[in-house]
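The exercises below each set a task and then work through its solution step by step. Please look over the sequence and the structure before starting.

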Amino acid sequence: MELVVFVLAAAMVLGGALGVVTRANPVHAAMSLVLTLFGIAVMFVSHNAHFLAAVQVIVYAGAIVVLFLFVIMLLGVDESEDLSIEPISKQRPLAFILGGGLMCIIIAAVVTGRKNFASGGGALESATLESPDSNIRLLARSIFSTNVFAFEITSVLLLVAVVGTVVMARRIKSLGTGK
Amino acid sequence: MLSAIEPTTSWYLILSAVLFGIGTVGVLVRRNPLVMFMCIELMLNAVNLSFVALATQLSNINGQVAVFFVMVVAAAEVVVGLGIIVSIMRRRTNATADDLSGLRG
């Protein structure tokens, strides 16, 4: 059963990822990105990370992709780009070698190091089996006690991002008038 | 028979490596800055997937906490990045990443 879920979700993830890279139209690429993000959310659920799966769907598929689509529509770049243009000669083969090499290095590290995955005490496993919402409880306890400083800092980060974007994207009309 | 095979943590880690590789190739190959940005999101999601898989494997909730913070930072990053892209594209429509060479000496 878990195998079926893994295979289906992996197909969603990889199909969506290939779609993002290969589709000429940015709108189609954004739709493929949604497919990938849903596949990742399914995998989060199969790892009992229910809160993260919900956040993945709401924040990534909901907010971030909608923001992407909004910008695509706002700028009017929703037409297909010519994928046959290769601005720097040999850029594509080099990119494939680099990306494929990176992938092979990580896979080799995983395969050679998989014996070292010491299974922990099973605290997370037993806690998640106890009641369905215990994952959220564990996560909340960790965020609001051990990592509460990082949590507060992220709120400052979000505020800075919002203010910075408003300052950057605003049209300055009265520049140079002395006011 | 088929149901006897359970996907282990290594499968998830290999999948996340493949996803990271696809994202890397996308960033290097595509010329539209918006699509390059989407490929960066792919790479972030690959890392998130490996974090969650290892959190389950090691029975440690801190992996999932890291994913939570990565998501927050990704949201902030998308807001700022799209703001930059909007302010660039407003000046020249249909700019690709290759056209943005204004700082070249």
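**Exercise 1.** Which exposed residues does the face of α1(A) turned away from its buried side carry?

*Solution.* The model is predicted, so local features need pLDDT of at least 70 and side-chain atom pairs count only at pLDDT 80 or more, while totals for chains, interfaces and linings use all residues. Residues are numbered from 1 along each chain as its sequence is written, and chains are lettered from A in the order in which they are written.

Begin with the terms: a residue is buried if 20 or more other C-beta atoms, placed from the backbone, lie within 10 Å of its own, exposed if 12 or fewer, and partly exposed in between; helices are DSSP runs (H or I, at least four residues), numbered from the N terminus.

Next, find the buried residues of α1(A), which are Phe6(A), Ala9(A), Ala10(A), Val13(A), Gly16(A), Ala17(A), Val20(A) and Val21(A). Seen down the axis of α1(A), they fall within an arc of 140° (taken from the directions from the helix axis to the C-beta atoms), so they line one face of the helix. The face turned away from this buried side carries the exposed residues Val4(A), Val7(A), Leu8(A) and Ala11(A).

**Exercise 2.** Find what the buried residues of α1(A) pack against.

*Solution.* Take contact to mean C-beta atoms, placed from the backbone, within 7 Å. Within chain A, the buried residues of α1(A) pack against α2, and in chain B they pack against α1 (9–29) and α2 (33–58).

Conventions: Helix = DSSP H or I, 4+ residues; strand = E, 2+ residues; numbered from the N terminus. Contact = placed C-beta atoms within 7 Å.
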